[in-house]
Structure formats: C-alpha cells, structure tokens
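Here are a few friendly notes to read alongside the model. Please keep the structure open as you go through the points.

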Amino acid sequence: MDPLTEFSRLFGKAPLWQVRAPGRVNLLGEHVDYNDGVVLPAAIDREVRLAVTPATDGVVTLYALDLNKKASFSLDALEQRLDLEGNPLPHWAEYPAGVAWALRQAGLVAGGMQAVFTSDVPIGAGLSSSAAVEVAFAAAWRALGGWEMDNLTLAQHCQRAENAYVGVKSGLMDQFASACGVAGHALYFDTRSLEWHPVKLPPGTAIVVADSGMRRTLATSAYNQRRAACEQAVALLQQYKPGLRSLRDISTVEFAAYSEYLPEEVRRRAEHVVKEIHRVQQAVNALRGEDAHLFGGLMFAWHKSLRDLYHVSLPELDALVEIARGLPGIYGARLTGAGFGGCTVNLIEADQAEAFLQGLQDGYRQRTGKEAKVYLCQASAGVSAQSI
Ligand code: GLA
C-alpha cells in the first residue's frame, strides 16, 4: 500500500512530508546494549513509510494501514493515554504517542498531525518494527516542527518513549540503527561512549534473516527480567569490585573469580553478557580482516550462549541455526534481537543465496512442520524525510 495515495484518499488532500525509517538486524552483541557494551547491527531494507501533514488543533490523527485501524488523540491527553473518545489508546498508537510525549518533555515542538503509515518490517520478529515506527514519527515531528537534531539524539528520545511510555526497558541499539544506518555497512556502536562508525561487511557476503514464525507472549516482561538480573549482578559484584558501574567494567577473568558469589540464574545471565561484550571486539577484528569464516564461526559459537546462559532461544530458532550450518554458502548463524521467538540472522556467500534460502525453508519444514519466512537483506540507510 502506498501511504501517499492512501493519505490523499483518507484526508482528501496531499501530504506535505514522507518519511521512511528501517528495521534492523543485529549481527553480534545481543543483550549488551543495556550493559554499556558494543553492538553490531545493520539497518535493513524493510521499513516504515509515513505520509504526514501538520494539524493546528493539537490533535494527532493516525491511520495504521496494515492494521486497517485509526486512532486520534489530543496532545493534552498524552499522560492519560486516552484517545479523543476517552478510551485507552490502542497498543500500536502508544509508540507515536510515546514519541510525542518524550519530545515534548524535552521541550521540543511536537504538534498536531495527520498521518498514514505502513510497514513491511515483520512485527514481533526481533527486527525492531516498533523502533522503526518511533524513529519515523520522531523524524516527522522534527520535519514539521522545523527544529534541528542529529539522528543519534533523536534515537535517544525514541528510546525514552519506549522505556518510560511503552514500558519496555530496552537499550538504544534498535532506535540507533533505524536512525543512523549506512547502506552496505554494519554499524559498530559503543553504547557507553555513544561513539559509532560504519563497518563494511566482507566482500561477496550477504545477510539472510529467517523468521521462525514463533512469537512468545509475555516477551516484554521476560525482557525486563533479563535487564533486572543484570542490574542485580552489578549490585552484587560491586561488593568485590567497588566502582563497577556495569557489566562492561568486569573482565572475563575477574568474572570467573567472582561468579561463584552470584545466585545461579543471575550468574548465567551475567556470564553471557560479560563474555558477549568481550567477543564483539574479537568479531570486529575479524570483520576488519575481511574474514567472513572467522566472523561466521563466532556467530555459531555464540548462539549457544543466548540459548543456554541467557535463555532467550526456542527449539525452532535452534533448529534454524542447525539447519543453516549444513547448507551451502553459510558462514555463520545465530538468533538476532531480543529472542523469545523471532528470527535468526545468517551471514552467507552472496553467490549461494538462492540455494541457501531454499535449503533453509525446506529444512525447517521437514524438521518442525512449520513454515519459515526468509529474507535476503541489504544493509540500508537510516531514517530520511522528504518534503513533497
Ligand atoms: C531488543 C531491545 C534492544 C536490545 C535487544 C537485544 O531488540 O530493544 O535494545 O537489548 O533486544 O540485544
């Protein structure tokens, strides 16, 4: 569906701006962005597209084309999370409403608007469909408000919307990748210093995302529990290492010495994070050396950590990783994103893409009786807004 055409049909006039914001895949560095670690995501060529025009009455009117739903809310009722009729905002509208709330809290102009949006980022698949919505709306308010702000700062406002308004205690990775993506590149992003730079993928490689089709309910509370376990580990480890601020501050050797003082579940969660933070650096070195075999080997090895220590995989995701291991052209595969269902990411030889995609779908069907959706992805540019 084209949001521009639909906008004209629904509002009887042409929109003034169109905005696009991509989803993302994460290659390595999972569940480390809320522990001050380094991550390696890439924005992908699946995106939210938004057509928008300002409204002077302080009301936001939204059409979610894919859901065939409409919501209208007053900017004065953001705190109450009510629509114009006084009903609770539907969940999908909390993302744009949260962005307006976060921007206004920061003293920025986020006024009334009429908007129509659509997305081809699969929902709940760990590809940051919600971050893409947030970033698209933040960029729309920036364009309509005529204020200037770099994309990284814009992403931070979106993270605040997600944390404080929607209630998911996520890190900054997803909003960052959607805002700052660079075509043809993964992004090295240090979530402590906020320094980042694009990293070229090894020549002749391609990224494949495989959606298991599995979605776990209560993923939000499970995610927030993981974060709480990390915070508990930091609080306990501070007794042995004063000055420790996050799991970034502990070496794997120190962790081995102190880990016996942690309760079993907290120990496992923290072990994943501490080791994952250190191995991302190793993986980046592999990328710099254009060594797809080494990088891929690390992806395989570390899927296990998400499965056994962080406990965010599912048998279907493990199956996708195992099937990929036996296919032509594979360098590496692992779960991507928060987990609890969703997708694996695969680094493959570009020339073998067709055989790989077919093999993965066939293998998954044979092994699980379920259908996987597979996408050959291009690393893409981050958010952009265009006046019409
Ligand atoms: C979700 C969160 C991110 C990150 C990943 C796991 O996508 O939104 O901030 O924590 O999970 O790496």
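**Notes on the ligand site and the fold**

1. An oxygen atom of the ligand sits 2.6 Å from a side-chain N or O atom of Glu30. That is a polar contact, meaning a pair of N or O atoms within 3.5 Å. Asp33 also has a polar side-chain atom 2.6 Å from a ligand oxygen, and for the side chain of Arg24 the distance is 3.0 Å.

2. On its own the ligand exposes 310 Å², and the protein buries 93% of that (areas by the Shrake-Rupley method with a 1.4 Å probe).

3. A word on the source: this is a predicted model, in which local features need pLDDT of at least 70 and side-chain atom pairs count only at pLDDT 80 or more, while totals for chains, interfaces and linings use all residues. Residues are numbered from 1 along each chain as its sequence is written, and side-chain values use heavy atoms, without hydrogens or water.

4. Which residues are around the ligand? They are Arg24, Glu30, His31, Asp33, Tyr34, Ser170, Gly171, Met173, Asp174, Tyr223, Gly337 and Ala338, each with a heavy atom within 4 Å of the ligand. By class, this shell has four nonpolar, four polar and four charged residues, with Gly counted as polar and Tyr as nonpolar.

5. Stepping back, the chain has eleven helices and 13 strands (DSSP runs of H or I, at least four residues, and of E, at least two). Its radius of gyration is 21 Å, close to the 21 Å from the globule rule for 388 residues, so the chain is as compact as a globular protein of that length (taken over C-alpha atoms; the rule is 2.2 Å times the number of residues to the power 0.38).

Notes
A polar contact is a pair of N or O atoms within 3.5 Å; within protein, one must be able to donate a hydrogen and the other to accept it, and residues adjacent in sequence count only if both atoms are side-chain atoms.
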